[in-house]
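Biologist: I am new to this one. Please show me the structure, and then let us talk it through.

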Amino acid sequence: MRIDVLSIFPDYLDPLGLSLIGKAREQGLLDLRVRDLRDYTHDRHRTVDDTPYGGGAGMVMKPEPWGAALDALVADGAGAVPHLVVPGPGGMPFSQAMARTLASEEWLAFACGRYEGIDERVYEDAASRMPVTVLSLGDYVLSGGEVAVLAMVEAIVRLVPGVVGNAESLVEESHEDGLLEYPVYTRPSVWRGLEVPSVLLSGDHGAIARWRQRQRLLRTAARRPDLLHASEALGSEGLEIHVATAGDAAELSTLQRACWVSEAIANASLDIPPLTESLQAVRQGLREWRTWVVRDSGRLVGSVRGRRSAQDPSTWEVSRLMVAPDLQGRGIGRALLAFAEGAAPEDARTLWLNTGRGSADNLRMYKKAGYRIGPGEGTFPGTVDLTKLRQPVRGG
Ligand code: ADE
């Protein structure tokens, strides 16, 4: 992955040479270049700001240095262009889902604004030749984009394959499956009179996993009730939902074949990818989608996946919703659908899914969940597309 950062304070970004990111650069996993915006000025004082048209407090960043700096980036790209990210308090919220989306890009450029902001025409000019996204770290104002870039680059780069040694540790993190992380402890077992919860010393791995899942729910309910959507509903059925890993591929392949036989009958066609695709293709799907699996006492009994649409980033695609045939009719599918909807990035406005034109049961459930069938043929032959406008998040 390549990352370019443009700033009038290049030294501010020195920490990007340390720790995990420094190591990723040394290993050649990350090509990170910090450029001084003032190198693209042409006056003696290397001026980057001017007074705002229309009056008002503070200064505005001039368009010319930004234009020249972006021209230089494009000229350097041998036909490729970066996805330009401009951190700013007026942007869409930066989230784990957004970090994951950006981690799949080959080239990112960050433009660090200062003062009252960058002349609006810079965004317009850039958007005519590259994707441009304005992202905010949160609802507070920093003095410039540099601190935000440190945070965003760290969140993104650690998701680039190979950067974090133990990929499992990424799966188990806060926000990865919609819940916060469980509390962790290390030696000594008693410290200042405070004991480590005894279950963690028991050696009973099943009991430990159940305790941790419960702690995640309790912690999320206490600190971030807005995140507690359908994971609760599944929990009350005694089911556990996890982010799928490559190790789930074989069971997933078996489950999807079992689940799609009824679809083949309903649509009088065997030409349905989830029914026929290879294990290799299932593995590929796990890399391209955020997939969750539901387990009942260890058995894989359900799954769903979601991703931001490549054509329209404000659309969240939900797909491969499946529940083992013997457990259908208990509301598990509806809960999984709600879970996948809840995992959509905050800025997603439309939820999209696709099903066979003859899949009456699916269509009934989706309509009940508020989806409307789009006109004409769906994205795949013999299917229909369904969409639903997203409800604003609590308080939003
Ligand atoms: N620049 C200034 N404030 C910011 C924020 N909240 N997020 C990202 N970049 C910023």
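Biologist: How many residues of domain 2 are in contact with domain 3?

Modeller: This is a predicted model: local features need pLDDT of at least 70, side-chain atom pairs count only at pLDDT 80 or more, and totals for chains, interfaces and linings use all residues. Numbering runs from 1 along each chain as its sequence is written. Contact means C-beta atoms, placed from the backbone, within 7 Å. On the domain 3 side 5 residues take part, and on the domain 2 side 4.

Biologist: How far apart are the C-alpha centres of domain 2 and domain 3?

Modeller: An automatic or database assignment sets the bounds. Domain 2 is 178-227 and domain 3 is 229-389. Their C-alpha centres are separated by 31 Å.

Biologist: Why do the buried residues of α5 line one face of the helix?

Modeller: Helices are DSSP runs (H or I, at least four residues), numbered from the N terminus. Buried means 20 or more other C-beta atoms within 10 Å of the residue's own, with C-beta atoms placed from the backbone. Among those in α5 are Ala148, Val149 and Met152. Seen down the axis, by directions from the axis to the C-beta atoms, the buried residues line one face because they fall within an arc of 140°.

Note on methods
Two residues are in contact if their C-beta atoms, placed from the backbone, lie within 7 Å. A residue is buried if 20 or more other C-beta atoms lie within 10 Å of its own, exposed if 12 or fewer, and partly exposed in between; C-beta atoms are placed from the backbone. Helices (H or I, at least four residues) and strands (E, at least two) are DSSP runs, numbered from the N terminus.
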